[in-house]
Amino acid sequence: MKKFLLIVLIAIFIMNLGLVSFASGVQGELTVEEGADVYITPQEELDLYAEMEAKLKLENLRSFPDGKYKTLSIPVFEQEENYYCGPATIKQVVHFLNSSSDNQNTIANEMGTTCNGTNMLEIRNYLNNNTSENYTYRGEVTNYYYTWLNFITTDIDIDKPVILEIDTTNIDSWPYVTEGHYVNVSGYDTKYSYGEIRITDPWGPGLGNRWYTMEDVHQANDQHWRKAIIE
């Protein structure tokens, strides 16, 4: 009996290792060590964020009226490689904006994606070269919560998907753990006091459209070393 219990415990342990490996298997963005560009946010841009933040707090507003709800019909394209979250996320955005898009391999080649992932600044460049939208990289913006939220909700209001880079470590609501992954924002809902943001995710455990609290999405974005969005 003891031998049987030991075998069962070992089997459970191995299964749990497999689950952790699967959940942690997506690492689609480049780190500094892997050659990512380090964008230093100009001081005037940080001053603008601080000014916006102070104004929003003074007006006691988040950036939208309570009870507002909007979603974008961004198509879901599951990433074809565990390091293809960049190409898959971009394909989702481009397909939404243009009603067509290149395949993930073509997008990856144009952005210089490697087995280590994709440089976030190349994502901005690809969007600006392949859509009629003007996308901006905003570094360190997560340091200003209401300003961050204002950028996201304003873009959704004008049918412009936002790209986030996330680190989901220690966020229980997220279905997987990653230190670097790209996703789309495709909606928001303020009917509840805590507010929610809809994420369109190209990765397996979270694939498709899922709602998270605004605080959890902000934490996931803020925990990433870039603290950045592309909007």
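Guide: Helix 4 passes helix 5 in a right-handed crossing, where right-handed means that the near helix is turned clockwise from the far one by less than a right angle, and left-handed anticlockwise. Helices here are DSSP runs of H or I with at least four residues, strands are runs of E with at least two, and both are numbered from the N terminus. This is a predicted model, in which local features need pLDDT of at least 70 and side-chain atom pairs count only at pLDDT 80 or more, while totals for chains, interfaces and linings use all residues. Residues are numbered from 1 along each chain as its sequence is written, and side-chain values use heavy atoms, with hydrogens and water left out.

Visitor: Which residues make the contact between helix 4 and helix 5?
Guide: On the helix 4 side they are Ile107, Glu110 and Met111, and on the helix 5 side Glu122, Ile123, Tyr126 and Asn130, with contact meaning heavy atoms within 4.5 Å. By class, that contact has four nonpolar, one polar and two charged residues; Ala, Val, Leu, Ile, Met, Phe, Trp, Tyr, Cys and Pro count as nonpolar, Asp, Glu, Lys and Arg as charged, and the others, Gly among them, as polar.

Visitor: And at what angle do helix 4 and helix 5 pack?
Guide: Helix 4 (residues 104–111) and helix 5 (residues 120–130) pack at about 115 degrees, and their axes are 10 Å apart. The axes are lines fitted to C-alpha atoms, for helices over the stretch in contact, and angles run from 0 to 180 degrees between N-to-C directions. The two are therefore roughly perpendicular to each other, given that 65 to 115 degrees counts as roughly perpendicular, under 35 as roughly parallel, over 145 as roughly antiparallel and the rest as oblique.

Visitor: Which residues of helix 4 are buried?
Guide: The buried ones are Gln104, Ile107, Ala108 and Met111, where buried means under 20% relative accessible area, exposed over 50% and partly exposed in between, with a 1.4 Å probe and protein chains only. They cover an arc of only 100 degrees around the axis, which puts them on the same side of helix 4; the arc is that of the directions from the helix axis to the C-beta atoms. These buried residues pack against helix 3 (85–98) and helix 5.

Visitor: Then how do helix 3 and helix 5 pack?
Guide: Their angle is about 25 degrees, with the axes 11 Å apart, and that makes helix 3 roughly parallel to helix 5. The contact is made by Gly86, Ile90, Val93, Val94 and Asn98 of helix 3 together with Ile123, Tyr126, Leu127 and Asn130 of helix 5. It has six nonpolar, three polar and no charged residues.

Visitor: Switching topic: where is Asn119, and is it buried or exposed?
Guide: Asn119 is in the loop between helix 4 and helix 5, and it is buried, with a relative accessible area of 8%. Asn119 and Val38 are 81 residues apart in sequence, while their C-alpha atoms are 9.7 Å apart in space.

Visitor: What about helix 6 and helix 7, how do they pack?
Guide: Helix 6 (residues 145–157) and helix 7 (residues 214–223) pack at about 100 degrees with their axes 11 Å apart, which makes helix 6 roughly perpendicular to helix 7. Tyr145, Trp148 and Leu149 in helix 6 meet Met214, Glu215, Val217, His218 and Asn221 in helix 7.

Visitor: What covers the buried residues of helix 7?
Guide: The buried residues there are Met214, Asp216, Val217, His218, Ala220 and Asn221, and their cover includes helix 6, strand 3, strand 4 (181–189), strand 5 (196–201), strand 6 (208–213) and strand 7.

Visitor: Where is Glu231, and what does it touch?
Guide: Glu231 is in the segment after strand 7 (229–230) and is buried, with a relative accessible area of 7%. Not counting residues up to four places away in sequence, Glu231 touches Asn134, Tyr135, Thr136, Arg138, Phe151, Asp155, Lys160 and Val162.

Visitor: Last one: how many helices and strands are there in the protein?
Guide: There are seven helices and seven strands, and buried residues make up 47% of the 231 residues.
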